[in-house]
Amino acid sequence: MSAELHPSIVALVSLAANIASNHPNQGLCQIDKLKHYGVSDEQVNTVIEIARHIRDEANQKLDASFDEALAKCRQPAGKPLGIPVASASGACCTPTASGQSCC
């Protein structure tokens, strides 16, 4: 037996996920639903704050990880960086589904 979530909880989760994932729709379609369900502006603002914090923290960690990896592959001027492109074992650059290179 599955426990169904109240639609207001689903709308809050959807709003947060859209914000945290940088979805182009930003979860704005959930705002009217939340008002209809009686969710207060303060509760919505709390969810928005948490979602933005998670998104920003993830971006900071990705940037730090990228900067660390970049520093490891830097070479003196005139020498290649040694960054792997496509390989059978998984790579930093793979073609799109139609075969277009992203590098």
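Guide: Residues are numbered from 1 along each chain as its sequence is written. The model is predicted, so to speak of local features takes pLDDT of at least 70, side-chain atom pairs count only at pLDDT 80 or more, totals for chains, interfaces and linings use all residues, and side-chain values use heavy atoms, with hydrogens and water left out.

Visitor: How do you know which residues of α1 and α2 meet?

Guide: Contact means heavy atoms within 4.5 Å. On that test S8, A11, L12, S14 and L15 in α1 meet Q30, I31, K33 and L34 in α2.

Visitor: What makes up the contact of α1 with α3, by residue kind?

Guide: Ala, Val, Leu, Ile, Met, Phe, Trp, Tyr, Cys and Pro count as nonpolar, Asp, Glu, Lys and Arg as charged, and the others, Gly among them, as polar. The α1 and α3 axes lie 8 Å apart at an angle of about 35°. L12, L15, A16, I19 and A20 of α1 touch V44, V47, I48, A51, R52 and R55 of α3. That gives nine nonpolar, no polar and two charged.

Visitor: What makes a spot a pocket?

Guide: On a 1 Å grid over the protein atoms alone, a pocket is an open set of points with protein on both sides within 12 Å along at least five of seven lines, and lining residues have an atom within 4 Å of a point. Here the lining of the largest pocket includes L15, H23 and R55.

Notes:
On a 1 Å grid over the protein atoms alone, a cavity is a set of points where a 1.4 Å probe fits but cannot get out, and a pocket is an open set with protein on both sides within 12 Å along at least five of seven lines; lining residues have an atom within 4 Å of a point. Helices (H or I, at least four residues) and strands (E, at least two) are DSSP runs, numbered from the N terminus. Axes are lines fitted to C-alpha atoms, for helices over the stretch in contact, and angles run from 0 to 180 degrees between N-to-C directions.
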